Amino acid sequence: METDDTLIRQAMNGDQAAWNGLVHRYRRLVYSVPCSIGLPPEGCDDVFQAVYLALVRNLTTIRECKSLPKWLITTANRESWRWLRRNGTPTPVHTDSQRQSESPADMAERLELQHRVHQALEELGGRCEKLLRMLFVDHPSPPYAAISQVLGIPIGSIGPTRNRCLEKLLHLVDKDDP
Amino acid sequence: MNPTIDEIIAFELGELGPERALEIRNAAAASASQQTMLDRVSRCLGALRVEARKPSEVVIKAAYAALGPLGWWGKWFANAKRTVATLIPLADMVRPALGLRGGSEPCHLAFTSSIAEVDIRVEGSDRDGWTLRGQVDPASEGQVAAIGLVRHDDGEVVALMTPDARGRFTVECNRGSFDLLARVGDDCIVGPGIVVG
């Protein structure tokens, strides 16, 4: 997998594939900021566009590529509030009181961890990714019999396989820990 | 006995019996490293369970287009107000003025402006392609943000690259007439035309 540093340098040279890679890699993280703040779908879409336009303009100023996720979160946060002001909605329409009381720093930490975990899940790929998605991401999670049939593993092996996959996932998440 | 990673995962998923679960709680309370391991698994599982909403494909495609043909730098170079630099006569400069024409020997060219000095060397052949190697030395502390090669015929930005921290760059090109442009801060300097080939 290409590093952010490589993708940024290639994108600065006009490499469309590298740029697409950056958009794809951080699509979930960028979109999750306006969603977390409580913007409606059209607001989340506008903020998503605004963040990537800002990124194109600032590619050369992002000196420390490890800080890219933080830069994206900060920019998405700023663009979200700008969108709310522009659309005459001074406060978010969030109904989740726990989220409403969350500080920007806590929100950034939570979203960055979610990004790292889901990025690691994609990196994991194969049967492990499928199994962990079925068990933890899909709602409702399918019964073991269905998982066994889809993945072609005995029901009795699902638990041990799950643990091995989670260990691999933890390893990947730790590797990307800034 | 210290819990294994399998047991910690089972603990976090509520799959252990009450006695073993209590032992793991006690082990974590007594050991900072065990507590860290428990927290690590707990946070990871918590984050895994949240599938963030993703933008639609239409929105993603629009973001792909933000880079545009040859990127934002290409557009910047195409539209930038240019400061023309002056050619510096060099002892080993075999062909004056409009640059470097013909021959297989590398040619050396330098130009200067109030913003930066630029030094380039052109080498190669029509068969193997041409390479421009150079360095931009800003007059002040401005960062050299990008180097562009713009074709005379149609004004197209045919190559873009980011120099290294010392302003050094390498640009590949085919035969043709070009302007070499350098972005330094918000300024764009352009040297005398270069005929390559």
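**Exercise 1. Which residues are buried in α6(A)?**

Before we start, note that this is a predicted model, where local features need pLDDT of at least 70, side-chain atom pairs count only at pLDDT 80 or more, and totals for chains, interfaces and linings use all residues. Residues are numbered from 1 along each chain as its sequence is written, with chains lettered from A and ligands numbered from 1 in the order in which they are written.

Step 1. Find the helix: helices (H or I, at least four residues) and strands (E, at least two) are DSSP runs, numbered from the N terminus. α6 of chain A covers 104-124.

Step 2. Apply the cut-off: a residue is buried if 20 or more other C-beta atoms, placed from the backbone, lie within 10 Å of its own, exposed if 12 or fewer, and partly exposed in between. The buried residues in α6(A) are A:A108, A:L111, A:E112, A:Q114, A:H115, A:R116, A:V117, A:H118, A:A120, A:L121 and A:L124.

Step 3. Look at the cover, which includes α2, α4 (68-86), α7 and α9 of chain A together with α3 (32-49) of chain B.

**Exercise 2. Describe the contact between the chains.**

Step 1. Residues are in contact if their C-beta atoms, placed from the backbone, lie within 7 Å. Chain A brings 34 residues and chain B brings 34 residues.

Step 2. On the chain A side, α2(A) gives the most, with 9 residues.

Step 3. Sort that side by class: 19 residues are nonpolar, 9 polar and 6 charged. Here Ala, Val, Leu, Ile, Met, Phe, Trp, Tyr, Cys and Pro count as nonpolar, Asp, Glu, Lys and Arg as charged, and the others, Gly among them, as polar.

**Exercise 3. Trace the strands of chain B.**

Step 1. Strands pair if DSSP finds at least two bridges between them. An open antiparallel sheet of 5 strands has the order β2-β3-β4-β5-β8 in chain B, with β2 (86-87) and β8 (168-173) as its edges.

Step 2. Within this sheet, β4 (residues 116-125) and β5 (residues 129-138) of chain B share 10 bridges; B:V118 is partnered with B:V136.

Step 3. Now turn to β9(B), which forms a hairpin with β10(B), with 2 residues between them. The two strands are joined by 4 bridges, and B:R183 has B:C188 as a bridge partner.

Terms used. Contact = placed C-beta atoms within 7 Å.
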